[in-house]
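Dear colleague,

Please find the structure below, together with its sequence.

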Amino acid sequence: MPFGNTHNNFKLNFKVEEEYPDLTKHNNHMAKVLTKEMYGKLRDKQTPTGFTLDDAIQTGVDNPGHPFIMTVGCVAGDEESYEVFKDLFDPVISDRHGGYKATDKHKTDLNFENLKGGDDLDPNYVLSSRVRTGRSIKGYALPPHNSRGERRAVEKLSVEALNSLDGEFKGKYYPLKSMTDAEQEQLIADHFLFDKPVSPLLLGAGMARDWPDARGIWHNENKTFLVWVNEEDHLRVISMQKGGNMKEVFKRFCVGLKRIEDIFKKHNHDYMWNDHLGFILTCPSNLGTGLRGGVHVKLPKLSTHAKFEEILTRLRLQKRGTGGVDTASVGGVFDISNADRIGSSEVEQVQCVVDGVKLMVEMEKKLEKGESIDSMIPAQK
Amino acid sequence: MASSFARILSSKRKVGILSLVGAGSLTVGFFLNREQHVNAGAHVRRIYPASAEYPDLRKHNNCMASHLTPAVYAKLCDKTTPNGYTLDQAMQTGVDNPGHPFIKTVGMVAGDEESYEVFADIFNPVIKERHNGYDPCNMKHPTDLDSSKIRGGQFDDKYVLSSRVRTGRSIRGLSLPPACTRAERREVERVVIDALAGLKGDLAGKYYSLTLMTEQEQQQLIDDHFLFDKPVSPLLTCAGMARDWPDARGIWHNNEKTFLVWVNEEDHTRVISMEKGGNMKRVFERFCKGLQEVERLIQERGWEFMWNEHLGYILTCPSNLGTGLRAGVHVTLPRLSKDPRFPKILDNLRLQKRGTGGVDTAAVGNTFDISNLDRLGQSEVQLVQTVIDGVNYLIECEKKLERGQDIKIPAPISQFK
């Protein structure tokens with residue numbers, strides 16, 4: 001809840017065992033980690049904005065999860081959540097991010113020149129390329145917890161910064177609550193429009209409150225650089241284009257992010273970042289780079305190969321349907337992207353995608369010719 | 001211990017100050033009083049002025065949006081109830097659900113009994129609009145559960161397929177579903193099922209916890225049309241009523257399957273008496289007897305229902321204040337339902353129609369759910385009598401139309417008796 005901690009204080013009149021949630025049927029990272037003792041230790045704490053443990057875990061309590069899919073089950077309400085509720089978040093982060101330790105350091109590298117190749121993915125297979133990340137503005141509460149006033153302030157700052165971009169980044173902001181029907185149809189046709197969240201994972205965390213107040217979409221005139229304001233994070237930044245030139249997509253991504261950051265800094269605003277967790281975002285799964293770099297690629301034969309999943313795992317990649325997370329693939333076209341977010345840099349993660357997709361397209365071509373791909377199967381990266 | 005401090009609260013009818021030392025060095029003070037104004041709790045910390053926080057309600061069509069001016073918001077936004085519930089929490093459901101041009105929803109909920117007092121400046125006009133002019137400031141609500149006063153009430157089974165009366169009850173001293181903590185919700189469950197276990201004779205029954213029920217039990221409850229599911233309506237989910245589902249939720253029913261209690265769904269309890277056929281009189285008798293028995297049993301243990309003389313029984317949604325009572329029948333009216341005067345007839349009889357799936361459903365075939373429109377300002381006996389007299393009139397109309405005779409729109413009955 002956005003205003004103060006009065007209700008949490010009241011809860012403390014009840015014993016720990018009376019308040020501790022029943023997590024016996026749950027299967028998410030939070031449920032695996034939150035013992036009654038940990039709950040007892042953390043429940044009387046609050047961040048400076050008044051975010052509490054119960055606020056952080058409500059989404060995980062309300063969404064027990066799935067036997068096969070492991071969701072995170074907790075969110076941050078502000079930058080300090082990761083510190084105040086360290087005892088919860090550190091093991092959750094470790095489980096989610098392959099053993100990332102509380103003492104590990106995260107490297108940020110947004111130097112697009114460090115990416116090797118990536119401009120020659122076969123457009124007959126790679127239909128589109130895209131890189132996205134999120135950014136949070138320091139000093140403001142995050143979407144699960146922010147008040148209307150705070151959310152509007154984030155929108156105002158962001159739009160001011162975006163409107164001062166020029167060159168290939170010159171663009172326009174479309175607030176959700178005042179866009180015209182014509183604008184809305186165009187944004188849908190461009191696959192830019194985001195809708196009110198329907199996933200109970202997000203709803204249970206309070207991220208859809210006051211919809212569509214202070215939410216909107218900004219994009220450049222070329223429709224290759226797009227920013228979502230106040231959806232699941234303060235900002236989601238997306239660079240995309242048709243075809244396989246990931247190098248160009250990543251360059252635009254890095255340049256655009258830097259330009260926006262420079263403008264924020266001029267107005268004394270920073271992104272939330274530290275050298276342990278990298279960029280701070282709402283969901284622990286997006287810490288580090290918050291980067292998902294991916295392609296829509298045609299792999300009808302490879303995707304039915306017995307070793308497809310194994311190949312993806314070894315390449316440190318993941319597959320999704322072309323509708324994004326939790327969707328199925330259509331017509332043998334998959335969304336392939338990096339699996340990691342923290343512990344490796346942006347350049348390293350996009351490099352995985354570039355190298356991995358290039359290899360998989362070659363495998364697909366081999367399978368088309370009826371040849372075996374056994375010799376091409378990579379070692380674990 | 002939650003139960004002991006709540007019992008102290010419930011047994012004090014005058015000014016009572018209760019201090020509790022919780023974990024560490026936290027101290028919480030409570031003021032609970034029926035006669036005087038309830039004191040609000042601690043002020044909330046705020047970074048932005050009320051004008052920056054005021055919601056954009058220009059496209060909204062619900063009772064909250066109609067009455068929440070910037071001035072009212074500014075006056076109330078820093079207040080909390082003794083349990084810490086705030087205006088922003090109360091109105092979140094109305095901000096998130098703008099409404100529909102044709103259906104006007106309420107747009108706010110109470111988190112506890114004191115909400116109606118601390119946020120009276122918004123609740124009172126909302127109540128007045130929703131309850132057709134009932135003014136909590138200067139009107140009193142009559143409670144009457146003496147079923148012997150009912151006249152008639154045995155409908156022709158050829159037309160009336162089933163009869164049902166429902167209401168809700170809240171346990172004083174425990175927060176309501178939008179705000180309750182897990183411990184409070186579990187306490188509600190304990191208090192209620194403890195009391196229900198004391199019911200005897202035709203009311204004796206069994207509790208089925210949602211977390212523990214077997215697949216067989218679940219299937220039986222579905223077949224009996226008793227099982228309630230996790231709310232999906234955004235009106236309820238945005239108000240926080242589905243939190244921690246299915247913890248501390250369950251269904252109790254008597255062995256004869258004519259008296260049913262829902263625990264911790266939209267209210268602490270929903271109490272339902274029902275039967276196949278048209279014996280509304282018996283349904284209401286069982287309803288009153290059951291409610292009075294349950295009340296006696298909880299009082300034996302030091303608890304009571306939330307109630308006051310202006311708002312009657314206190315429930316989560318302002319639309320259910322007063323009696324919280326919906327008495328209705330499933331009735332087949334093939335000819336009358338096609339008559340263009342049908343809506344006006346219902347209006348004048350102060351009845352409403354719904355589909356047989358309940359609120360927001362469509363009628364199937366020619367069978368309608370017909371029930372009382374009003375909740376507040378008339379007693380239970382008065383409302384059930386209204387339904388009985390009204391349904392009798394509808395059946396008479398149907399019979400007249402069967403015989404080729406014409407029907408008349410009745411004069412509108414008065415609302416506040």
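How many residues of domain 1 of chain B are in contact with domain 2 of chain B? There are 19 such residues in domain 1 of chain B, and they touch 23 residues of domain 2 of chain B; contact here means heavy atoms within 4.5 Å.

Before going further, please note that this is a predicted model, in which local features need pLDDT of at least 70, side-chain atom pairs count only at pLDDT 80 or more, and totals for chains, interfaces and linings use all residues. Residues are numbered from 1 along each chain as its sequence is written, chains are lettered from A and ligands numbered from 1 in the order in which they are written, and side-chain values use heavy atoms, with hydrogens and water left out.

The two domains of chain B

Domain 1 of chain B covers 50–131 and domain 2 covers 147–403; such bounds come from an automatic or database domain assignment. Their C-alpha centres lie 26 Å apart. Between them about 1,700 Å² is buried, and carbon and sulfur atoms give 64% of this. Buried area is the accessible area (1.4 Å probe) that two parts lose on being put together, summed over both. On the domain 1 side, Glu113(B), Tyr116(B) and His131(B) lose the most area to domain 2 of chain B, together 36% of what that side buries. Glu113(B) also forms a salt bridge with Arg172(B) (2.5 Å, N to O). A salt bridge is a side-chain nitrogen of Lys or Arg within 4 Å of a carboxyl oxygen of Asp or Glu. The count between these two domains is 1 salt bridge.

The two domains of chain A

In chain A, domain 1 spans 6–97 and domain 2 spans 112–369, with C-alpha centres 27 Å apart. Here 20 residues from domain 1 of chain A and 23 residues from domain 2 of chain A make the contact. The buried area is about 1,800 Å², with 64% from carbon and sulfur atoms. Glu79(A), Tyr82(A) and His97(A) supply 35% of the area that domain 1 of chain A buries against domain 2 of chain A, more than any other three residues. Between the two domains there is 1 salt bridge, and Glu79(A) pairs with Lys138(A) in a salt bridge whose closest N and O atoms are 3.2 Å apart.

Where the chains meet

The contact between the chains takes 48 residues from chain B and 42 residues from chain A. It buries about 3,600 Å², of which carbon and sulfur atoms give 48%. There are 3 salt bridges between chain B and chain A. Asp56(B) and Lys177(A) form a salt bridge, with their closest N and O atoms 2.9 Å apart.

One residue in detail

Leu201(A) belongs to helix α10 (residues 200–203) of chain A; helices (H or I, at least four residues) and strands (E, at least two) are DSSP runs, numbered from the N terminus. Is Leu201(A) buried, exposed or partly exposed? Leu201(A) counts as partly exposed because its relative accessibility is 32%, where buried means under 20% relative accessible area, exposed over 50%, and partly exposed in between (1.4 Å probe, protein chains only). Leaving aside neighbours within four places in sequence, Leu201(A) is in contact with Thr59(A), Asn63(A) and Thr71(A).

Yours sincerely
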